[in-house]
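The sequence and structure come first.

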Amino acid sequence: MAFLKSIILVFIVFCFIETIQFGWNVDGARLNCPQNERNALLSFKQGLIDQTNRLSSWVGQDCCKWKGVSCDNFTGHVVKLDLRNPFPFDLDSFYHSFGYDKTYSEACLVAVGEVNSSLLELKHLNYLDLSWNNFSGIAIPKFFGLFHELTYLNLSSALFGGNVPHHLGNLSTLHSLDLGTQNIFLFSYYDNIPSLVVNTLHWTSSLVSLKHLVMSGIDLSNIPLDSFQAVALFSSLLELHFSHCSLENIPLFHSTLKNFTSLTILDLSWNYLQGPIPSAIRNMTSLKVLQLSDNLFNNSSVLDLTSLHILDLSYNNFQGPIPSAIRNMTLLKNQLSGEIPNWYYLNMSNSNISDSIPNWFENLTFLEYLDLSGNQMYGKVPNFISPNIVELYLSSNRFEGSFPQFHSSLRYLDLSDNIISGSIPTDIGYRLPNLELLLLSNNSINGTIPSSLCKMLSLRYLDFSKNHLSGVLPNCLGDLQRVEVIDLTSNNLSGTIQRSFCHQSEYLTSLHLSKNNFQGEFPSGLQNCTSLSILDVSDNKFSGEIPTWIGQNLYSLRIMKLSSNKYNGSLSPKLCHLNQLQVLDVAGNNLSGNIPHCFGNFNHMLFNQTNFSRFSSEGGNYQDKLSQ
């Protein structure tokens, strides 16, 4: 009997498996996603301009194979729609491209109308991410509040506009809600930037499962005080991001912060909050990330949270020494992403601190990121700074003495605008082989530039400007393949620039050699620097003709300053090939002949004190002999 029961049980299980397989297979092929859900996605796609064909995979019958779409393994229903821009706005790209991040902008999905309500066919959707796209200022659809199984909703930096619909309060299963905006909206090059408006937060009281709330960049200055009490109900909230929300006139701390005892991340930066740091923060014993930068706090006595991993107090008004309570924060780490990573971080830059680096800093042995720049720090930079230090920013203070000793782990070092004296150690390249950024500008450093710098194979930014350096330029600097910026302005450097200089520096974008004593012909090695955008060799003793290859090789040039040298000859019409050139300064040379006609189209040209005949350069309108 037992054997018969076993046979029957095996048969039942077999039939059950076959039933499941039949639901998934027809003639051995996997069933497609439900037709209504496929059609809903295609209708949604029709309302978007896909500039870079990110959705090119959205063809065929099985939408579960489409990029950004995920389905339940058993039912086939669409449960996840992740259309986040794979290239979110990058600040470095913005600066390097002079106010335009092309990669981000072209990857945006652009809405051409309202979001198609056909998406409601995705009744099993639990994850929706439309962040970092361009929804052209349209309102967040009210029907998003009908996705009753949604646990994750990210609409951040997606250029939605208008009022945030209270219908989102119906998403009782929501764990994470991100409506924030990032730095992209702080730049003026975007015209008519749409913004979200929140008139009340009462609707959030229904989000009983919420763990992560991000409203950074949304103006909350007109929110009634009792509206914040709704947020205070989230006793289980883990992350609260209210950065750049204009909270300076709202007594938010005393009424709500005391309830957030489970918080691990609190971001209240860019709100210009005044007075002492709220005492309620002391009760947040689980807090690991505290970001209070860009406020007007003047007292930090409550910062005795030993659980902190990340502390950012930059751009405040403490007016005194470094808070001694920090000596107990041995877990300080750096915030690089949404999760808490394993970096140790302390930022107190531009906070009106007057102090030397205290001895107890040697207790912060795990510190990897330290920024004390822009204060009134003084004394010598001690050798006991953490052996694990990776990024060290001490610029714009009153540090003095010779160049300090640092550990080989250092990658970013900024000592600019201090009173550092003496010479650069000859073995610096061997001591600090991993440096990517070395900024020593505006100090009192003398001596020569050591050739050991060429051992820093990862070096990207080098700035020794406004010092007392002398001697010749190590030719091997041109061998640094990753270097992007070299600034040696205002020193006493001399000699010629070797022909081989820059023969491998394919990333070099800015070269500043002005106000030195360099001589010889125009550096011919620069013709290999095809990424060069800014070239300034003014106020030197360069001579000879300005080479014609500039117009053919340096096609990325935007600014070229050759003034106050000894160049002769004429300006070649081939310079007209520099289509991106905005500034050309050749004043104070021995140039002669005609000015190429195309120069009248450029923004800013300086030719005075040359031998060009009969011209006026005001506004780019020249009254001289122009080449045709």
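Tyr152 counts as partly exposed because its relative accessibility is 22%; buried means under 20% relative accessible area, exposed over 50%, and partly exposed in between, with a 1.4 Å probe and protein chains only. The model is predicted: local features need pLDDT of at least 70, side-chain atom pairs count only at pLDDT 80 or more, and totals for chains, interfaces and linings use all residues. Residues are numbered from 1 along each chain as its sequence is written, and side-chain values use heavy atoms, with hydrogens and water left out.

The structure holds 14 aromatic pairs. Rings of Phe, Tyr and Trp (its six-membered ring) pair if their centres lie within 6.5 Å; planes under 30 degrees apart count as stacked, over 60 as edge-to-face and the rest as tilted. Tyr127 and Tyr152 form a stacked pair, 4.2 Å centre to centre with 10° between the planes. Tyr127 belongs to strand E7 (residues 127-129) and Tyr152 to strand E8 (residues 152-154), so this pair ties together parts 25 residues apart in sequence. Helices (H or I, at least four residues) and strands (E, at least two) are DSSP runs, numbered from the N terminus. The charged end of Lys80 sits over the Tyr127 ring, 4.4 Å from its centre; the criterion is NZ of Lys or CZ of Arg within 6 Å of the ring centre and within 35 degrees of the ring normal.

The pair of Phe144 and Phe147 is tilted, because the ring centres are 5.9 Å apart and the planes stand at 45°. Both Phe144 and Phe147 are buried.

## Chain totals and annotated segment

The chain has eight helices and 43 strands. Of its 628 residues, 50% are buried. Contact means heavy atoms within 4.5 Å. Among contacts between residues at least 6 apart in sequence, 56% join residues at least 24 apart.

UniProt, in an unreviewed entry, lists residues 35-72 as "domain: Leucine-rich repeat-containing N-terminal plant-type". UniProt positions are given in the numbering used here, feature names are shortened, and annotations may be inferred rather than shown by experiment. Over residues 35-72 the chain is 32% helix and 16% strand, with the end C-alpha atoms 15 Å apart.

## Nonpolar cores

A nonpolar core is a set of buried Ala, Val, Leu, Ile, Met, Phe, Trp, Tyr and Cys residues joined through side-chain atoms within 4.5 Å. The largest has 155 residues, and Leu179 and Leu438 have the most contacts inside it. Elements that give two or more residues to this core include helix H2 (35-46), strand E4 (69-71) and helix H5 (225-232). Another core, of ten residues, lies apart from it, with Tyr369, Leu437, Leu439 and Tyr461 among them.

Not counting residues up to four places away in sequence, Leu179 touches residues including Ile140, Leu155, Trp203, Met215 and Ile218.

## The ten-strand sheet

Strands of a sheet pair through backbone hydrogen bonds, either parallel or antiparallel. Here an open sheet of ten strands has the order E22-E24-E26-E28-E30-E32-E34-E36-E38-E40, with parallel pairing. Two strands pair if DSSP finds at least two bridges between them. The edge strands, E22 (378-380) and E40 (590-591), each pair on one side only.

E22 and E24 (residues 398-401) share three bridges, and Lys380 has Glu400 as its bridge partner in E24. Three bridges also join E32 (residues 492-496) to E34 (residues 517-520), where Gly495 is partnered by Phe518. Two bridges join E34 to E36 (residues 541-545); the partner of Gly520 in E36 is Phe542.

## Single residues

Ser510 is in strand E33 (residues 510-512) and counts as buried at 11% relative accessibility. Leaving aside neighbours within four places in sequence, Ser510 is in contact with Glu484, Val485, Ile486, Leu532 and Ile534.

Ser157 is not a glycine, yet has a positive phi of about 50°. Ser157 lies in the loop between E8 and strand E9 (162-163) and is buried, with a relative accessible area of 1%. His244 also has a positive phi, near 55°. His244 is placed in the loop between strand E13 (239-241) and helix H6 (252-256) and is partly exposed at 31% relative accessibility. Its C-alpha atom is 7.1 Å from that of Ile218, 26 residues away along the chain.
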